[in-house]
Amino acid sequence: MPRDTTLAPVAERVADLNDRYRHHAAVAVLEHALRDPQVGRIGLVSSFGAESVVLLHMISVMAPQTPVLFIDTEMLFPETLVYQADVAQKLGLSDIRTIRASRAAVAAHDPDGLLHQTDPDACCALRKTEPLERALGDFDAWITGRKRFQGQTRETIDFFEAEGDLRIKVNPLAHWTRDDLQDYIVNNRLPRHPLVAQGYPSIGCAPCTSPVKPGEDPRAGRWRGQDKEECGIHFINGKVVRGPLPKTTGETAA
Ligand code: SF4
């Protein structure tokens, strides 16, 4: 479906949305984002990882028919696939869209499934960024679970961000702390990803995620030993860009 051309430029709408909702709480930001005509067609992108259940639960209460895009890299832990089906069913989420790389692309670029060992950026591009970018073609905005406390590349994120002139990225939990997440999960008796109890506070693909020791940064187990914090490949104005992320553009929600 073509993008709504009656909407004002992305940067203009983002500035206005941040002005209007700057002092709102996470739930209010999400509620407005789901309904505000300036945001347009919106979906949630979820990895069904360690903390994903917070936004999934909020969505299930406000609008369970909201499209939820689940990126199955085909490198996920089997526990994640079971958890994804379980959470979707328990929360009554009615529009889960599982997205994957095309067979042809995998056959051409990663036929033996070992690309992550030699070129993790290319593997993330193949299995996450490109399929996500394709799926997001139907949307004017997407909701992510990114938070400021998650590290350098995320420490200044706002509730609303411009992803080039393509679409809006909504980060309702931008200002939440780890304790806020924990409290929300406990207070709402939400199911935890089974690997959290086994020392995985942040969960991505199986080959690129290791358990974290007490005292370590929760994301220390992601791409351990590699100079890599995010998927590493971004789409800016429709073009693939490698390298560090400029402040006002996007990266995938790893
Ligand atoms: S996290 Fe690892 S296995 Fe998953 S897509 Fe990226 S490089 Fe590949």
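Hi everyone, let's start with the record. An unreviewed UniProt entry places the feature "binding site" at Cys123, Cys124, Cys205 and Cys208. Although these four are spread over 86 residues of sequence, they cluster in space, with a largest C-alpha distance of 10.9 Å. UniProt positions are in the numbering used here, feature names are shortened, and annotations may be inferred rather than shown by experiment.

Two housekeeping points. This is a predicted model, where local features need pLDDT of at least 70 and side-chain atom pairs count only at pLDDT 80 or more, while totals for chains, interfaces and linings use all residues. Residues are numbered from 1 along each chain as its sequence is written.

How confident is the predictor? pLDDT is its confidence in each residue, from 0 to 100. The chain has a mean pLDDT of 88, and 87% of its residues reach 70 or more. Over residues 236-240, though, the pLDDT is below 50, and this stretch has nine contacts in the model beyond near neighbours in sequence. A contact here means two C-beta atoms, placed from the backbone, within 7 Å. Residues 242-254 also stay under 50, and for them the model has 34 contacts beyond four places in sequence.

Now the overall fold. The chain comes to eight helices and eight strands; these are DSSP runs numbered from the N terminus, with helices (H or I) of at least four residues and strands (E) of at least two. Of its 254 residues, 42% count as buried. For that term, buried takes 20 or more other C-beta atoms within 10 Å of a residue's own, exposed takes 12 or fewer, and partly exposed is in between, with C-beta atoms placed from the backbone. Among contacts between residues at least 6 apart in sequence, 72% join residues at least 24 apart.

On to the ligand. Its surroundings include Thr73, Met75, His116, Arg127 and Lys128, along with Cys123, Cys124, Cys205 and Cys208. Helix H7 (residues 120-135) gives the largest share of this shell, five residues. By class, the shell has seven nonpolar, three polar and two charged residues. The classes are Ala, Val, Leu, Ile, Met, Phe, Trp, Tyr, Cys and Pro as nonpolar, Asp, Glu, Lys and Arg as charged, and the others, Gly among them, as polar.

Let's zoom in on two of the cysteines. Cys123 lies in helix H7 and is buried, because 25 other C-beta atoms lie within 10 Å. Leaving aside neighbours within four places in sequence, Cys123 contacts Asp110, Leu115 and His116. Cys208 sits in the loop between helix H8 (178-187) and strand E7 (233-236). Cys208 is buried too, with 20 other C-beta atoms within 10 Å. Beyond four places in sequence, the contacts of Cys208 are His116, Pro120, Arg222 and Trp223.

Next, some strand pairing, which takes at least two DSSP bridges between two strands. Strand E4 (residues 141-143) runs parallel to strand E6 (residues 167-170), joined by three bridges, and Trp142 stands opposite Lys169 of E6. Strand E5 (residues 160-163) runs antiparallel to E6 through four bridges. There, Lys169 in E6 is the bridge partner of Glu161. The E5 and E6 hairpin has three residues between its strands, and Gly164 takes a positive phi near 55°.

One last stop: Arg178, in helix H8. Is Arg178 buried or partly exposed? Arg178 is partly exposed, because 13 other C-beta atoms lie within 10 Å. Arg178 and Glu51 are 127 residues apart in sequence, yet 9.4 Å apart in space, C-alpha to C-alpha.

Technical notes:
Near = placed C-beta within 6 Å. pLDDT = per-residue confidence, 0-100.
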